[in-house]
Amino acid sequence: MLAPKSSLVLSAALALTVAACGDGSTGANGGGGGSESLPPPVGSVPAAFTVAPGVQQATVTGAASRQELTLIDPDGRRRVTLVADEFGQATFAYLPAEHTVIDTSTGVLPPSLGGMAMRPGDGYLVIDEQREPPAVSEPFRVLARDDHPPESHYEQEIVGVPWELIGGPQEGHEPADGVNYLVMRDGVRLSAMVRFPDERFYGPPPWPTVVEYSGYDPSNPDNPQPGTLIANAFGFATVGVNMRGTGCSGGTFDTFDPAQQADGYDIIEIIGRQSWALNNRVGMVGLSYSGITQLFVAATRPPHLAAITPLSVIEDSWQMSWPGGIYNAGFTREWLQERDRQAAPGGQSWTALRIEGGDSVCEDNQKIRTQSVDFEAFVNSLERRPPDSDTRDLSRLVRDIEVPVFLTGAWQDEQTGPRFAGMLRDFVSTDRKHFTLFNGHHPDGYQAFHLSGWFDFLTLYIAGRVPRVDPVLRLGLPAEMENNYGVPIELQPDRFADLDDSDFETALARFEADPEVTVLFESGAGETPIPGSPAHRYSATFDSWPPADVEPWTLYLDAGERLSPEPPATESADSFAFDVDAGPIRYSSTGGGSFIAPMSQLEFDWTYTEDGFGLSYLTEPLAETVVLAGPGYVDLWISTEAGDAPIEIVLSEITPSGDETRIQNGIQLAGFRQIDEARSGPFLTRFFFGEGDYEPLPSGELTLVRVPVFDVAHPLRAGSQLRLQVNTPGRDLPLWFFDNPDPGPAGARYRIARGGAYPSALVMAVLPPGRVEVPAEWPACGILRGQPCRPYVEMRNEPG
């Protein structure tokens, strides 16, 4: 059985977003165009308030209500003045380009601040200039992410709760109930719930131990998160930790900032020193929010971290909110708004129960929440990508991860999206990588097939044992899978059944001999009682992603609405109008949690683009099967008088029976055309999105615009046709929709040239013929997870 008192409820909300402000200033303290120099105050007195510096931030407490507090940087410049809240608190984190006065009680930063995140360094001061004489703090040092405290800081005793109390009633809220407060390097206390496995099955301590870390409610003693429930059931001690500014934790909320990354380092180092943590090694578990945090934490390289298992993750935080430079007004905005609500004082109901039960630490930690920024409004203002976004760009940070990684992700993830696949090549500091990729939905990372490899991975790298699934758990898990996914999916057979418990090195060598990448094809069409359940039909393995042997498949936009293998000899053009209605349209009205169900139980309305508002091109029926395996792009020669063009590319398969199945898409604002050549590849295209990287389209001139197509693996059987659509972003995703730039009352029309000197074309990575054995029969329409299906309807292209 998985848990006697709590069912396995999968996390359905994503985790994402944003980046800190930045304007590209240089210098140890951020340079500063526009900040005033200030001579040392004459006749100043020591401040009565206290300054607690942290990682790229500093918090003032003990000031007077509404007291104005000015930050002086190490070069003596006035950077920002904060008006303290009613409790006399103010948190300095973002430094505007120009000195600004900000009322911290509102939680809203003024728009278009520019500036940057607070830089690490010595010699900062906080001064009350209104007082006569001025009151000045002691000089203080702002920490960097990698400024670690003395090792003795991590010697903190943590108490857990036994298995039989997990998810059940607690007697009061003393430390014995499993709730602890971990002290971070800056003194902030984070709430942590510690749960021990069932000693009847897994014996006495020490136990293999894992951490689940997020801003949801992982430290809620009465509601374990999915990763925690599963890990406990599999015999792991678990530690659920709430990020700063969430739950009962202290500090102010942000999204994946360096302070949260440093906290992750501190958490691992505290837990790794507990007597009940086997081998003093710690792993991490979780899907979505608690999957993403694993990557940020692992990049800080905590010595006691042994392995991570990130499921359903993101890549660049800024591009989660601004994919291709267009604001994601759907899931991302809604997720941020919910984070803002929960980060408010008392924003999570379970904290009120803790406080009512006498948890004074939780109560005290709520006061500082007035200093948390309204992140949805903040992110919405970041129309250009700030340089400080790099500190939250996982494609840059995962290069520092040295521990083993077990990662799963869906090409069509409706919440976090498919961008994660582009960073798989960036895991360059570890050769112990196990990536499983598939068509499907956000919650699918916890289905039984993935859990089999997940358990083997954690047992080998955390416990240092030959993996053995408890027979009671193996027997009970199909029922839990049916409760959640709708079908009784079983774990995979024990791949180490032929080995003795003493054969650990043999088991490890067998596991590490697996290819780096496993791709599951046609999930939803596997052998299960209900079509559309998360069971794949066949699979293939590769030593890298994209596979080393992929080849370019180039198809040219041609007359007659054709995609042709050869470029047209003569120039012509098609045109379409900006679709003002498209942006707010998504093809599902269901909530994110519903996507755990079989496809046959989900209601989708994948609407058609009307003639004149998009373009469509098709290949001839394929003579042989083609397997897409990687990213791609579309090069469009485009002209318009509108100054810009929000473009979406949609790829789909048209079967001989007349069904159309969605494959993948790509989104790009045409004003962003500067390619980051150093970080791009033959098929992967990465762009610069900074203030100086945007360039309007020259009016009426043909301009080459590249639109990346996200990674995907999909078979196109002989007889099928590949369809390429060009339109306005919207309509083609279940939970994402867009605030497309408004072309004005006159609207906009876009001319796409093709042929001659302007060969607009699609380029996709494909496998050599025969590399994957594809079953001859097409799956039924509408059962492939993450891939809606509809009858094919022809679209008539208008001439340009």
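1. Let me start with helix α3, where 14 of its 14 residues are buried, leaving the helix mostly covered. Please keep in mind as you look that this is a predicted model. The helix runs over residues 258-271. From its first C-alpha to its last, α3 reaches 20 Å, close to the 20 Å expected at 1.5 Å a residue.

2. Next, have a look at S372, which sits in the loop between α8 (360-366) and α9 (375-380). Is this serine buried or exposed? S372 counts as buried because its relative accessibility is 11%, and the cut-off for buried is under 20%.

3. While you have S372 on screen, follow its side chain: it reaches the backbone nitrogen of F253 at 3.0 Å.

4. How many cavities of 30 Å³ or more turn up in a search of the whole structure? The search finds six, and the largest cavity holds about 120 Å³ of space.

5. Sorted by class, the residues around the largest cavity are eight nonpolar, four polar and three charged.

Note on methods. Residues numbered from 1 in each chain as written. Predicted model: local features only at pLDDT ≥ 70, side-chain atom pairs only at ≥ 80, totals over all residues. Heavy atoms only, no water. Helix = DSSP H or I, 4+ residues; strand = E, 2+ residues; numbered from the N terminus. Buried < 20%, exposed > 50% of the residue type's maximum accessible area, 1.4 Å probe, protein only. Polar contact = N/O pair within 3.5 Å; in protein donor to acceptor, adjacent residues only side chain to side chain. Expected span 1.5 Å × (residues − 1). 1 Å grid on protein atoms, 1.4 Å probe; cavity = no way out; pocket = protein on both sides within 12 Å on 5 of 7 lines; lining within 4 Å. Points joined across faces, edges and corners; volume = space filled by probe spheres on them. Nonpolar A, V, L, I, M, F, W, Y, C, P; charged D, E, K, R; others polar.
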